Structure formats: C-alpha cells, structure tokens
Amino acid sequence: MPVRPTDATRRSLLITGTLGATAGALGWPSAAQADTWPSKPVRWVVAYPAGGGSDFLARQLAPVLGKALGQTLIIDNKPGAAGIIGTDNAAKSPPDGYTLLTGDNGAMVFNSALYKKLPYAPADFAPVGLMARFPLLLVVNPNAGFSSAKQWLDAIKARPGKHSYASPGVGSPHHLAMELLKDRTNSYIVHVPYRGTAFSTQDLIAGVVPMGILDTAAALPHLRAGKLKALAVLAPKRIAALPDVPSFDETGVTGVEVSAWQGLFVPKGTPDAIVARLGAELGKALTQPDLKAKLEDFGLEVAPGDAASLARFIQAETTKWHALIRSRGISAE
C-alpha cells in the first residue's frame, strides 16, 4: 500500500528540487556531474612558456593521463609575471574538474612571501598529487677556475662579494637555493638575476657570469657538451642523472636540499570524487616505464605522491622558505 507524503515531506522535496535546479543553473558541480566526468576535453594550465621544463612534463603526461580518463587534455600555456598570470587564471576557473594546473614552488610557496599582494592564494587550490622534481645544481663555466665544490667554497669565502652568480630571476627556486646555500655557508656572492633560464644559461656558457644554479633539465645538454661544469647537487645524495657529481652533504654542507618541484592542482571546490580519480590515474601514469624513462632522460626525478602528502609537503616548504625569505629581506617587487 503506497504511503502518502506528509506536508513536511512535500516541503522538503520542493526545497531540495529548487536547490538542485539552482545549482544546475549556476553551474555548481553536483554528484551527477562527478559521476559523468569527464564528458568533454580538460584544460591543463601551465603558467610558463611552451618548450620549458614545466611544459615538457605536462605534454608528456597529458596523452597518458587523457587516455586513462577517456578525454583529451589540452595544454594551455599562460606565461607571465613569474607564473602569477596562469595560476590566477586557473584559480578563477569553475571548480568542475575541467581545469587543471601545474603548480610549483613559486606558485604554491614562494610568491605569497615575495609579493605583498597576489591575485590568488595557494588556498584557492586543492592538491591532486606531486608529479616530479627538477634537482638543482651548482654549475660553473669550465674556465672559471673552480675544480670542486670544496675549492669553490674556499674561494668564495676567501673573497666575500668578489664573485657573482646567475639565476633565472628573483624569487626563482634557483635564486632561493643559492641564498639558502649562502646562508648555510655564511658566504657572500653577488646575485645577477636574468629574465628566464635561457638567458642566464647563455651568459654562464659565455663566461659573463662565472657560476649559477641550474636545474637538471636546463643543465644536462650543456654538461654533456662540456660547455658547463657541475660542482655539486643540492641534495643529500647523488642523483641518477649525474652519478659522478657529489652532493653538498659530501662536502660537509648540510641542509641545502632544494629542487624545483611540480605538482598537479585543481580549483578549490572541485568534487572530491574527481580529485580522487585524478590522483589515482596520475599515480598510475607516472609509474609507466616508457613515460618514466622519458622524463628521467630529460632530467626529471619522477616523484608521485597523493594529495595528502602533497599538502603536508607544501606546509613544510612554506614554513622553511618564508622564514628564509624574511630573514634575508628578499622581495620580488
């Protein structure tokens, strides 16, 4: 025998239906949308120019991840203002699973300390998972007269302020890595910032600036060609791409582990079911042997991690780097 709804039940059904219709009209993601996601191509924002390391990682991952999701992932390069333009664009996109972002040290950690005002906040994003790291290296021009990391350290400490180093720009991981190294060794080297890795690398090769910090992707071709020399990696141990290059720990300098890391993010409010599926498929993609080998040959260290571990990592990174930025009075403005 059917049960007749009460007046209270009728009111509840009416309110629920109205809210559901309103959510649909406003474009809010619903459980049904999460179940059918993705039903159209997904945009992947990379806040740096095409051809760079961040772009390479996204373009290698996109076909593999897209195949698993059953949709095309379209790379959307939005460079400018140290990654702020593209990151802000992603932050202001609908949280419906159709916008992804490659987030890095700058976007998620450094910028909030380097700039007084940002158009976005790291809290505007939900982490999906860590993807990979670019190890950082201390490199020198082969004619600069530095034979080892220890000899380099002795030389710069003997003549404070007489040497200079190149970085891709103020507030870049490369710049802050050297500032951390200077802090740990109580040394003073003059910073020469450039407008991008290509320009700083060019002047390192030409000998205009004798030393600098480069990531493996930028440095490897020039190290293999003998145009640059790596003295040490900013890590506790040696890396697979350069097994003959010592870590700074081996020289007795500890606490200088730095890498240019890359994580995948979505706008905050993206349904949990979508974030969970993205994270699971991302982890599977990064373990595929062919893709992993291609990324490692480029100079990346593949480092898959889930959303929770990425969130904890960002929290630790924020504490560490904001303290350094404040103590050394660094500003990008």
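**Salt bridges and a covered strand**

The side chains of Asp88 and Lys92 come together in a salt bridge, with 2.4 Å from N to O. This is a predicted model, and the distance is computed from its atoms. The two partners differ in how much of their surface is open. Asp88 has a relative accessible area of 16% and is buried, because buried means under 20%. Lys92 has a relative accessible area of 57%, so it counts as exposed, the cut-off for that being over 50%. The general idea behind such contacts is simple: side chains of opposite charge can pair when their charged atoms come close.

The Asp88 and Lys92 pair is one of 11 salt bridges that the structure holds. Another joins Glu179 to Lys182, where the closest N and O atoms are 3.0 Å apart. Both residues sit in helix α7, which spans residues 173–185. Because Glu179 and Lys182 are 3 residues apart in that helix, about one helical turn separates them. Glu179 and Lys182 are both buried.

Next comes a salt bridge between the side chains of Asp183 and Arg184, at 2.8 Å from N to O. Asp183 has a relative accessibility of 33%, and Arg184 has 42%. Each value lies between the cut-offs of 20% and 50%, so Asp183 and Arg184 both count as partly exposed.

These pairs do not stand alone. Glu179, Lys182, Asp183 and Arg184 belong to a network of salt bridges that also takes in Arg328.

Now the strand. Strand β9 covers residues 259–267 and is mostly covered, with 9 of its 9 residues buried. One of its partners is strand β3, residues 99–104, which pairs with β9 in the antiparallel sense over 4 bridges. Within this pairing, Thr102 has Leu264 of β9 as its bridge partner. Strand β4, residues 125–140, also pairs with β9 in the antiparallel sense, here over 9 bridges. On that side, Ala126 stands opposite Val266 in β9.

How values were computed: Residues numbered from 1 in each chain as written. Predicted model: local features only at pLDDT ≥ 70, side-chain atom pairs only at ≥ 80, totals over all residues. Heavy atoms only, no water. Buried < 20%, exposed > 50% of the residue type's maximum accessible area, 1.4 Å probe, protein only. Helix = DSSP H or I, 4+ residues; strand = E, 2+ residues; numbered from the N terminus. Pairing = 2+ DSSP bridges. Salt bridge = Lys/Arg side-chain N within 4 Å of Asp/Glu carboxyl O.
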